Amino acid sequence: GVQERVNLSVPLLPKEDPIFTYLSRRLGRSIEEIGHRIYDGLMKNSSSWVLYNMASFYWRIKNEPYQVVECAMRALHFSSRQNKDIALVNLANILHRAHFSADAAIVVHAALDYSDFFTSYYTLGNIYAMLGEYNHSVLCYDHALQAKPGFEQAVKRKHAVLCQQKLEQKLEAQHRSLQRTLNELKEYQKQHDHYLRQQDVLDKYKLIQEEQILRNIIHETQMAKEAQLGNHQICRLGNQQHSLHCQWDQPVRYHRGDIFENVEYVQFGEDSSTSSMTSVSLDLHGNQSDHSQYLQSSPIARSIVSVWSVESTRDKQHILWPQRSECMKSFPKIPDPEELPTYFLPPENRGFRQVDTVGHGETQAPDCSSITDACNNESLNVLVKELDGNLDLKFKMPDDQARQVLHSRINNQTVTQAKIGAFLDHAMKKPEDPLWLVLNEAGLYWRAVGNSTFAITCLQKAFNLAPHEYQDIPLVNLANLLIHYGLHLDAS
């Protein structure tokens, strides 16, 4: 700011500014006369810091910032150490009004090194208020009031700063609220655009469907015309089961729909003669040479053909497409989740010995909820809370694979499942192995029993107590429990 003093520009001072009362009227009847007398004084004593300070006051009244800085610099140079704060505060005021508030704050802090006069604190409070440092501003006003209790200007400015601070906090809160609303509107717009795109896809699909229906209608109409011309015929289901009745002894060109898939016999005309109707594939085995030669000579090779004969032979059934019932028997549906095989990750794979289970006579099942966690994993806690609300997990669904694994881990195969639970309960109360290993085994026990709630609790406790490098063991076993209940997304 001092280096740019030639270009400084400040607003006009209001008439009530205290600077107008700093120069005594005893020096002259007008401000020009006062300035003339200061000039005369400086001509006689060019090293008076008092006269230079008075000259800087004069130029502040005349609103000439360049001259103020020049006089204040000279006043600062000639001032004694205890009086340098006057020139510094005067310089800070003009820099502050010229919008060099950060520079002004540095100058006032320098003034406070020489004297902690209340005017310095008051000036620094004004500067910090302009810079938006409201907490520092209030602190400076408090120091000014301590130095001069009842200083009215400091009280008013302090209250004004506190009001401005609260207003800005309210405005910032409102801005954050508006920003959240704007983000929600953007998200809504994104979803709306996605909906419109889906609607376009649906409309295109609808047009394709309508076009296909139109083609089917045209095809049906053409087939009806051909039937009327005598080239082909459309048959109807007969009264007998698995029979199709045709009016003439002509090729059956067209039929569609599931109602024809179980037709085994075709009746022609009014007589009772019937023929078997089946569909065959040309992909035959070598031991069926007779039928292979017949089909290879057909003009429509490598397609499905209709075989007509007076009677159906047993050999011919081998070359036919299998019935739907046979397909269902040979290739049943995908198993339900509870029927899918599950897995147990044994700690022995990572170098641990198997948990020793020795009978102690108790009959109580292992209760993992009484175990205190060493630490809690936040992401696992969130998953478990979500699983608590899943109704499917409330039902008991014993896991046969888990039960087989549980019994295979006991040397004595005659031990009952309840006895194994008692072993584990005793091992948790007086553990000879790391507790998380026992809790992992307890999770396997409850998987076998089918109580998912207890199993999840045991595996969560095992995870929280296990060392970091072994935490995958209870996690893999928890995932297999969720697979058993069909919760594949949570398991992944």
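**Pocket and helix pairs**

A: Start with the lining of the largest pocket: by class it has 18 nonpolar, 10 polar and 7 charged residues. Keep in mind that this is a predicted model.

Q: OK, how much space lies in the largest pocket?

A: The largest pocket holds about 1,100 Å³ of space.

Q: And which residues of the lining are closest to its centre?

A: Pro18, Arg60, Asn93, Tyr122 and Asn126 are the closest to the centre, out of 35 residues that line the pocket.

Q: Which elements give two or more residues to that lining?

A: Those are helix H2 (49–61), H4, helix H6 (118–131) and helix H8 (152–228).

Q: Which one gives the largest share?

A: H6, with 8 residues of the lining.

Q: You mentioned H8. Where is lysine 158?

A: Lysine 158 sits in helix H8.

Q: What does lysine 158 touch, leaving out residues up to four places away in sequence?

A: Lysine 158 is in contact with Val138, Tyr141 and Asp142.

Q: How far is lysine 158 from leucine 139?

A: In sequence the two are 19 residues apart, and in space their C-alpha atoms are 9.0 Å apart.

Q: New topic. How do H3 and H4 pack?

A: Helix H3 covers residues 65–78 and helix H4 covers residues 84–97; they pack at an angle of about 160 degrees, and their axes are 9 Å apart. Angles over 145 degrees count as roughly antiparallel, so H3 and H4 are roughly antiparallel to each other.

Q: Is their crossing left-handed or right-handed?

A: The crossing of H3 and H4 is left-handed.

Q: Which residues meet there?

A: From H3, Pro65, Val68, Val69, Ala72, Ala75, Leu76 and His77; from H4, Lys84, Ala87, Leu88, Leu91 and Ile94. By class, that contact of H3 with H4 has 10 nonpolar, 1 polar and 1 charged residues.

Q: Now H15 and H16. At what angle do their axes cross?

A: Helix H15 (residues 452–465) and helix H16 (residues 472–484) cross at roughly 160 degrees, and their axes come within 9 Å. That makes H15 roughly antiparallel to H16.

Q: Left-handed or right-handed, that crossing?

A: H15 passes H16 in a left-handed crossing.

Q: What makes the contact?

A: H15 brings Ser452, Ala455, Ile456, Leu459, Ala462 and Phe463, while H16 brings Pro474, Leu475, Asn477, Leu478 and Leu481.

Q: And how do the residues of that contact of H15 with H16 divide by class?

A: They divide into 9 nonpolar, 2 polar and no charged residues.

How values were computed. Residues are numbered from 1 along each chain as its sequence is written. This is a predicted model: local features need pLDDT of at least 70, side-chain atom pairs count only at pLDDT 80 or more; totals for chains, interfaces and linings use all residues. Side-chain values use heavy atoms; hydrogens and water are left out. Axes are lines fitted to C-alpha atoms, for helices over the stretch in contact, and angles run from 0 to 180 degrees between N-to-C directions. Helices (H or I, at least four residues) and strands (E, at least two) are DSSP runs, numbered from the N terminus. Angles under 35 degrees count as roughly parallel, over 145 as roughly antiparallel, 65 to 115 as roughly perpendicular and the rest as oblique. A crossing is left-handed if the near helix is turned anticlockwise from the far one by less than a right angle, and right-handed if clockwise. Contact means heavy atoms within 4.5 Å. Ala, Val, Leu, Ile, Met, Phe, Trp, Tyr, Cys and Pro count as nonpolar, Asp, Glu, Lys and Arg as charged, and the others, Gly among them, as polar. On a 1 Å grid over the protein atoms alone, a cavity is a set of points where a 1.4 Å probe fits but cannot get out, and a pocket is an open set with protein on both sides within 12 Å along at least five of seven lines; lining residues have an atom within 4 Å of a point. Grid points are joined across faces, edges and corners, and a volume is the space filled by probe spheres set on the points.
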